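The sequence and structure are shown first.

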Amino acid sequence: MALWLVATALIAAAQGPIRFQNIAAQAGVSFRLDHSPTPRKHIVETMPGGVAVFDYDSDGRPDLFFTNGAHLPALAKSAPRFHNRMFRNEGNWRFTDVTERTGLAGAGYSMGAAAGDFDNDGHPDLFVAGVRRNLLYRNRGDGTFADVTAAAGIGSQHWSVAGGWLDFDNDGLLDLFVVNYARWAPDFDRFCGDASRNLRVYCHPRYFQPEPNQLYRNLGGGKFADVSAAAGLSAHPGRGMSIALADYDGDGFVDAFVPNDKMENFLFRNVGGKRFEQSALAAGVALPDEGRPISGMGADFRDADNDGLPDLILTALSGETFPLFVNLGKGQFRDATHSSKLASAARVYSGWGVSLADFDNDGWRDLFTANSHVNDLVESFEPYAYRQPNTVFRNAGGGTFRLVDSGMSGVKAAHRGSAVADFNGDGLPDVVVSALGEPAELWRNVSPQGRAWLDVRLAGRKSNRDGLGAVVTIGGQANIMTSSVGYASSSLSPVHFGGLGASVDLEITWPGGKRQRVTGVATNRIVTITEE
């Protein structure tokens, strides 16, 4: 134990600062999320803001997509200010609005986004979740997208918040998991708040009936089938807010974690690619140790303590902390929120977007959260702030975290979705964040470089094209290839590692369990590994 404490202290002493600069304006990322706030406080107004990062034109640079709201109560994008927006990365921190050219302006009140190549043609496609209006776009490969929602068989009868791409049955085709929130209609008009002071607030989630999530199986040929009932999802209504994907029990099939709003969380264990088994309570992730349901928002499913097993981090409201569940192996987790030091460090913040990423390339994944309370009048009722800054918690080694001054504290906003990617190819992960009614933020990572880094891009042959669900291991570090991250957001980016030497040996465990070893890989670059 003493040696571990000494080693952790040496790591902390060697770390330089983690620093970010918001360069959205000078980079040309001119997006403002219009959530269409109304005096009636429609609950949908609080929850849009998913973002997606993916290289839509295959030029090697990650591009930006933002979801946007619509006019209420009509749920219609009645003006250009409600359009979803796509920005092309031109390089050298310059972005161009290509929304009209790509055909991604959208329709309806959009919430979340998920990028993935569902037809294995080498061009990433896009799913957009919304209020009774889901959209599936096929990337034509010429810089434009086709709306194939109806032809693909993707339904829109629910209020969907997020989506996630996974190869549920390991047949090489990406299936679509859709996260639904609750039953709501524009004519809902319950007054919640303090009528004596004429303070109307968004109603508590308990007033909205939960809905089950959905699974669409990819049949090939651009067709999907709703297999939610057969897969066991229909029996579990919830108020889902996002999705995080990983093979937590190491059986070769990707599992799904769904944080719920003021309900027990769901952990859907994939049973042989045939059905999901709701295992959150048995695994120890249904509730924090305090035993009370929290306002689960965003989630990430990655290894926080470098033991090779994916851990779970999720965001929640002020006073609920950001729960961290450490994977113990054999399908079990332990609530490490207090032992990781996150309980006290995060208590005053309300989180939405969340990512585990090595921002200083020291070999330990740090924690980013996009923050804001859900109640825009919370300051009239509770000792918490509505607009809050984003936060970075440095991983001090061994799975303990401490809040650091990352340069983000001066920008307070109603932050929502976020995604992490290296936008300029310098080996340092950057962050993009949306905010209700305010400009999007593009945070350039200007931290001093730590040790060497490596980004691993996967190319599946028998597996799906992007290798979603594969696990890459370098030394004691393991990282999953997934495009699902944070709150209602997506990042289809190479798997990132820091804290490396001049060359490394790596191992890929492809979906289904096949292992592939590659030795002597030079670092400080992006490398593409093709499935054998």
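Helices (H or I, at least four residues) and strands (E, at least two) are DSSP runs, numbered from the N terminus. The model is predicted: local features need pLDDT of at least 70, side-chain atom pairs count only at pLDDT 80 or more, and totals for chains, interfaces and linings use all residues. Residues are numbered from 1 along each chain as its sequence is written, and side-chain values use heavy atoms, with hydrogens and water left out.

**Two loop residues**

Leu377 is placed in the loop between strand E27 (366–371) and strand E28 (388–389). With a relative accessible area of 25%, Leu377 is partly exposed (buried is under 20%, exposed over 50%, partly exposed in between; 1.4 Å probe, protein chains only). Leaving aside residues up to four places away in sequence, Leu377 touches Leu199, Arg200 and Val201, where contact means heavy atoms within 4.5 Å. Leu377 and Phe497 are 120 residues apart along the chain, and their C-alpha atoms are separated by 41 Å.

Gly252 belongs to the loop between strand E18 (244–246) and strand E19 (255–258). Gly252 is buried, at a relative accessible area of 14%. Residues up to four places away in sequence again not counted, Gly252 touches Asn170, Asp247, Pro511 and Gly512. From Gly252 to Gly469 the C-alpha distance is 9.0 Å, although 217 residues separate them in sequence.

**Pockets**

On a 1 Å grid over the protein atoms alone, a pocket is an open set of points where a 1.4 Å probe fits, with protein on both sides within 12 Å along at least five of seven lines; lining residues have an atom within 4 Å of a point. Grid points are joined across faces, edges and corners, and a volume is the space filled by probe spheres set on the points.

The largest pocket holds about 910 Å³ of space. Its lining has 43 residues, and Arg457, Met481, Leu492, Ser493 and Pro494 are the closest to its centre. Strands that each supply at least two residues of this lining include E22 (299–302), E26 (351–357) and E32 (415–421). The most comes from E35, with four residues.

The second largest pocket has a volume of about 540 Å³. Among its 27 lining residues, Tyr202, His204, Pro205, Leu317 and Val374 lie nearest the centre.

**Aromatic rings**

Rings of Phe, Tyr and Trp (its six-membered ring) pair if their centres lie within 6.5 Å; planes under 30 degrees apart count as stacked, over 60 as edge-to-face and the rest as tilted. The whole structure contains 22 aromatic pairs. Phe66 and Phe87 form an edge-to-face pair, 5.9 Å centre to centre with 85° between the planes. Phe66 lies in strand E3 (residues 63–66) and Phe87 in strand E4 (residues 85–91), 21 residues apart. Phe66 and Phe87 are both buried.

The Phe322 and Phe393 pair is edge-to-face because the ring centres are 6.3 Å apart and the planes are at 85°. Phe322 and Phe393 are also both buried. Ring pairs join Phe168, Phe177, Phe266, Phe268 and Phe276 into a cluster.

A charge sits over a ring if NZ of Lys or CZ of Arg is within 6 Å of the ring centre and within 35 degrees of the ring normal. Arg197 lies over the face of Phe381 at 5.2 Å from the ring centre, and Arg416 over that of Trp352 at 3.9 Å.
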